[in-house]
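Subject: Structure for you to look over

Hello,

I am passing this structure on to you, with notes on what turned up in it. Please read the notes with the model open beside you.

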Amino acid sequence: MLKGIKNKFKRKAAVKFLNDNKNKRMACSRVKKGIAKVGCIVDLDNVPDGTIFNEFIKEFSLQPNALKIIGYKAEHDKNSPYSTPVFSEEDLGWGAKIENSYALEFLDNEYDMLISYYTEENLLLQLMTMQSKARLKVGFGEIDENLNDLILNIPNKDFSIFKNELGKYLSVLNEI
């Protein structure tokens with residue numbers, strides 16, 4: 001019972017933090033045009049294979065280590081091996097902090113582009129997007145528009161359409 005009350009207070013504080021800070025940008029020292037480092041936050045409950053994002057390496061001519069992917073699972077089984085580093089609901093700490101080593105490592109990096117590949121409002125995914133340091137943040141229209149710079153209103157079920165549309169917009173913006 002106490003754990004439930006504690007989690008309720010953590011979520012309430014995180015929602016307040018998100019609402020108070022979603023219009024603020026995390027400082028990013030990457031100012032040069034061009035996409036050299038990409039971060040992807042993926043809802044693995046709706047995208048079964050997070051490795052499809054490795055296609056960005058070829059698509060944007062990235063170095064293999066220039067792509068960082070982190071996945072979210074509502075129910076994270078610590079004993080199951082995942083091909084993508086994972087964080088979950090139980091990783092929400094006090095003060096809207098995410099207490100997961102993979103998530104903290106992801107948030108410590110700076111990116112030229114952050115892709116928030118989720119279409120359902122989710123507190124932890126939105127906190128990760130807000131706290132990530134990226135020059136350009138890309139997401140879907142179903143999520144709060146204040147979190148992303150480039151919003152694609154396309155279905156997230158077809159990754160090839162997403163990849164092609166993103167490539168078109170990045171070309172127009174002279175990023176690739």
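The notes below go from the whole chain to single residues.

This is a predicted model, in which local features need pLDDT of at least 70 and side-chain atom pairs count only at pLDDT 80 or more, while totals for chains, interfaces and linings use all residues. Residues are numbered from 1 along each chain as its sequence is written, and side-chain values use heavy atoms, with hydrogens and water left out.

**The chain as a whole**

The chain has 5 helices and 6 strands. Helices here are DSSP runs of H or I with at least four residues, strands are runs of E with at least two, and both are numbered from the N terminus. Their order along the sequence is α-β-α-β-β-α-β-α-β-β-α. The radius of gyration is 16 Å, close to the 16 Å that the globule rule gives for 176 residues, so the chain is as compact as a globular protein of that length. That radius is taken over C-alpha atoms, and the globule rule is 2.2 Å times the number of residues to the power 0.38. Along the principal axes, the C-alpha atoms fill a box of roughly 55 × 35 × 30 Å.

Of the 176 residues, 49% count as buried. Buried means under 20% relative accessible area, exposed means over 50%, and partly exposed is in between (1.4 Å probe, protein chains only). The chain exposes about 9400 Å², and carbon and sulfur atoms supply 52% of that area; the areas come from the Shrake-Rupley method with a 1.4 Å probe.

Among contacts with a separation of 6 or more, 62% are between residues 24 or more positions apart. A contact means heavy atoms within 4.5 Å.

There are 25 positive and 25 negative side chains, and the centres of the two sets lie 6 Å apart. Lys and Arg count as positive and Asp and Glu as negative, leaving out His and the chain ends. Each charge is placed at NZ of Lys, CZ of Arg, CG of Asp or CD of Glu.

At the start of α4, a side-chain oxygen of N122 comes within 3.0 Å of the backbone nitrogen of L124. This is a polar contact: a pair of N or O atoms within 3.5 Å, where within protein one must be able to donate a hydrogen and the other to accept it, and residues adjacent in sequence count only if both atoms are side-chain atoms.

V15, in helix α1 (residues 2–21), is partly exposed at 37% relative accessibility. The C-alpha atoms of V15 and L123 are separated by 7.0 Å, although the two are 108 residues apart along the chain.

V138 is in strand β5 (residues 133–140) and is buried, with a relative accessible area of 0%. Not counting residues up to four places away in sequence, V138 touches M113, L114, I115, S116, N148, L150, L152, F162 and L166.

**The loop between β2 and β3**

P85 is in this loop and is partly exposed at 28%. Leaving aside neighbours within four places in sequence, P85 is in contact with I69, I70, G71 and Y102. D77 is in the loop too, and is partly exposed at 37%.

**Positive phi and the end of the chain**

Most residues other than glycine have a negative phi. A96 has a positive phi of about 65°. A96 lies in the loop between β3 (86–87) and α3 (101–108) and is buried, at 1% relative accessibility. N174 has a positive phi near 55°; N174 is in the segment after α5 and is exposed, at 57%.

E175 is also in the segment after α5 (159–172). Is E175 buried or exposed? E175 is buried, with a relative accessible area of 9%. A polar atom of the E175 side chain lies 2.9 Å from the backbone nitrogen of G34. Leaving aside neighbours within four places in sequence, E175 is in contact with K33, G34, I35, R135 and L170.

Regards
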